[in-house]
Amino acid sequence: MSIDHLLTQLDLRDYQADALAYADGRNHATVCLPTGTGKTLVGCAWACSVLAAPGIDRILIVEPSRFLVEQTTEYYRQHTTVPTEKLYGTTSQADRRNQWEQGTAVVTTPQTAHNDIAQHDFDAVVVDECHHTTGQHAFAELMRTATFDRSLGLSATIPPRSESTVEELVGPIHRWAYADLPDEHVPDWLGAVYDAQYPPSYREISGVLDEFRQELDGTQFAGLPELGRRMLARDGALALADTLERDTVMSEMMGDRLRPLLSKAPDLHKLEACRAALADHEFEKAVLFVDRVCVAERLAEELDVYNPEVLLGRLHSSTGAQKQLVENAKSDETDLVIATAAGEEGIDLPAADLLLVWSNVVSSVRFIQRLGRIMRQTENRRLKHAIYLATPESPDYDALGRGIRAADEAGLNLAGIDSDTIVAEGTLNRVVEAVDSTPSRPGELATALNKPYSAVEDLLKKGVQEGHLCYVYIVPSDLNEWPSAVSGLAEKFNLSGDSLNIGDGATNNLSPTASDRCYIRNNDVLLLRAEYSHLFATDDVRLSASFGPSHAERSTHSARGDAATVAKEMDDTLTDADRFYATISVSSSQPPYSIQLSYHGTAIEPVITAICENATAVATEVSGRIEA
């Protein structure tokens, strides 16, 4: 018996209902709707409808990038009652075998679906961005190999040269144009992410860089391997090899092991994604931002069909020559402008209608400035596109996520890109997910993720700063690990810390370290306060808190009382703040001890209450230990 699946929260507009009716009226169909008009919602509605048909039990949804897999999965979960799972090729074969059996709908990339074709059996398929279903593309390989009773293709634009192949492999095409949708708002410009997966040789290079991270952890050179990972992910093997040819500390320490691997690796792993983005969009002029000169010059060779002009900035040419290059870039003969960071300032090209970002920058200011190069509209108000070429599961996605979030905060809405989704793709999210409904210590996470302690600690701090995580303290089994005053006495009198016992009655200043923190996802705080009661308490312990909305203002306000009193005072005071920084102290003369606990996190009531209750639990446990 079939189960009825429904749309939730959203209703179809008239033209979307027409598109659904077209798709429902045949076994195989392709719907071509303009960008920004809700193709995904049509796909959701079709999935709900087709799953009600006899013999249609499961549906495959293929997306061209990891980013779209994430975004589409979340969309189906929010807006349909269809149980939806996502699956990636980076998951181990054994785990993928089990995952293929989960969910009524499974969202994945065509590469993963084609590679695992023997392991899955679906009755229907949604092929998003189906204009890719040509030639040797994984979309085409999947549709040639697999058999589906029902299929729906979705695209915003299908080039005439691809029409016959798309109709053969997916289904007959029906187009709707903006002119057919008089009640619709046409956006000025749209954003998209094109994935550039690591080739196998890059993963070997990345593995060696991870080995260097382990070897150099805790030294003054600990940041070099991470710099290498960013170069590789952002700009490719060419950029890292170019750096290692220079007389630098990085070259001296890591060059001998990395150069042989780089010599065998593709120079530009983003090149095919870049070519695909250029081919997928009709444009009068495109601007491609690249950070490294060596990469910009190579791209000019590889993309010579677009008659590119390369702007390298005044450091690489005279002022007069630079001015002439900018004029050349503006000419109608130049279809593509390739600009490095040094050349960006000279570009003001409102006529450009396609922005491509090869090097995703950490600086949110530069991210926003780049958007400004093409955002200003011309009189004909052509639809413009901003395309980000990004490497999944790498620092490249982290930088892109921060830039998109900063653009959101600055009021620049990247239509077509969900900032929450792109943030979820980065390495930070893997650490946040590793916390996974359990209070987790940094050392445990470092072991689980096979990453250096310092790297995980930095990511945990970032997770707190960006509002994903908070932390509480756990009391160590040996209290001598905490008392800084006792440690000082031990050093002064040349005694071992173990020879000093807190229970002897000395007044001790206890100060926990970051290694004694347990990290919790903000969304899990309420649940974990109940499940891990030893970390939280509401006993009658007098707390003294100094706090504020920033590190510089951490002593601006104060509160005293039990956990509930201090939490309410903090919550009321920080009503308009996004964050809090607090030091909570507890002092006792009988038994004699004092504790100082530093916290910071998102200024929301559950987190504030949790840290006050944690300070109470710590004080209660320490008091009991000393009295015993």
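Biologist: I keep looking at helix 10. What covers its buried residues?

Modeller: The cover over the buried residues of helix 10 includes helix 8 (200–216), helix 9, helix 11 and helix 13. Keep in mind that this is a predicted model.

Biologist: And which residues of helix 10 are the buried ones?

Modeller: Those are Ala-237, Leu-238, Ala-239, Leu-240, Thr-243 and Leu-244.

Biologist: Why do you call helix 10 largely enclosed?

Modeller: Because 6 of the 8 residues in helix 10, which runs over 237–244, are buried, the rest of the structure largely encloses it.

Biologist: You mentioned helix 9 and helix 11. At what angle do those two pack?

Modeller: Helix 9 (residues 223–235) packs on helix 11 (residues 249–263) at about 80 degrees, and the axes are 11 Å apart. That makes the two helices roughly perpendicular, since angles of 65 to 115 degrees get that label.

Biologist: Which residues meet there?

Modeller: From helix 9 you have Leu-224, Pro-225, Leu-227, Gly-228 and Met-231. Helix 11 brings Val-249, Met-250, Met-253 and Met-254. Sorted by type, the residues of that contact are 8 nonpolar, 1 polar and no charged.

Biologist: There's an arginine I noticed, Arg-234. Where is its place?

Modeller: Arg-234 sits in helix 9 too.

Biologist: What does Arg-234 contact, leaving aside neighbours within four places in sequence?

Modeller: With those set aside, Arg-234 is in contact with Lys-270, Asp-291, Trp-358, Ser-359, Asn-360 and Asp-396.

Biologist: Switching to cysteines. How many disulfides does the structure hold?

Modeller: It holds 0 disulfides. Take Cys-32: the nearest cysteine sulfur belongs to Cys-130 and is 7.4 Å away, so Cys-32 is in no disulfide, given that the pair would have to be within 2.5 Å.

Biologist: Is Cys-32 buried or exposed?

Modeller: Cys-32 is buried, at 3% relative accessibility. Cys-294 counts as buried as well, because its relative accessible area of 18% falls under the 20% cut-off.

Biologist: OK, zoom out for a second. How many helices and strands does the protein have?

Modeller: There are 24 helices and 20 strands. Of the 628 residues in the protein, 52% are buried. The accessible surface is about 27,700 Å², and carbon and sulfur atoms account for 46% of that.

Biologist: What share of the contacts joins residues at least 24 apart?

Modeller: Taking contacts between residues at least 6 apart in sequence, 73% of them join residues at least 24 apart.

Biologist: Back to details. Which residues of helix 6 are buried?

Modeller: Ala-138, Phe-139, Ala-140, Leu-142 and Met-143. They pack against strand 2 (59–62), helix 5 (110–115), strand 5, strand 6 (150–155) and helix 7 (163–169).

Biologist: What comes between strand 5 and helix 6?

Modeller: A loop, and Glu-129 has its place there, between strand 5 (124–128) and helix 6 (138–145). Phi of Glu-129 is near 50 degrees, a positive value in a residue other than glycine.

Biologist: What about phi at Asn-307?

Modeller: Asn-307 has a positive phi of about 50 degrees, although it is not a glycine. You'll find Asn-307 in the loop between helix 13 (293–302) and strand 10 (309–311). Its relative accessible area is 39%, so Asn-307 is partly exposed.

Biologist: Where is Ser-440 found?

Modeller: Ser-440 is in the loop between helix 18 (427–435) and helix 19 (442–449). It is a buried residue, with a relative accessible area of 7%. Apart from neighbours within four places in sequence, Ser-440 is in contact with Ala-434, Val-435, Leu-445, Arg-517, Cys-518 and Tyr-519.

Biologist: And Thr-72, buried or exposed?

Modeller: Buried, with a relative accessible area of 4% for Thr-72. Thr-72 has its place in helix 3 (residues 66–79). Beyond neighbours within four places in sequence, Thr-72 is in contact with Ile-61, Glu-63 and Val-107.

Biologist: Last one. Where is Ile-626 found?

Modeller: In helix 24, residues 605–627. Ile-626 counts as buried at 9% relative accessibility. Between the C-alpha atoms of Ile-626 and Pro-592 there are 8.4 Å in space, and the two are 34 residues apart in sequence.

Note on methods: Residues numbered from 1 in each chain as written. Predicted model: local features only at pLDDT ≥ 70, side-chain atom pairs only at ≥ 80, totals over all residues. Heavy atoms only, no water. Buried < 20%, exposed > 50% of the residue type's maximum accessible area, 1.4 Å probe, protein only. Helix = DSSP H or I, 4+ residues; strand = E, 2+ residues; numbered from the N terminus. Contact = heavy atoms within 4.5 Å. Areas by Shrake-Rupley, 256 points an atom, 1.4 Å probe, with all protein chains shown as cover. Axes fitted to C-alpha atoms, helices over the stretch in contact; angles between N-to-C directions. Parallel < 35°, antiparallel > 145°, perpendicular 65-115°, else oblique. Nonpolar A, V, L, I, M, F, W, Y, C, P; charged D, E, K, R; others polar.
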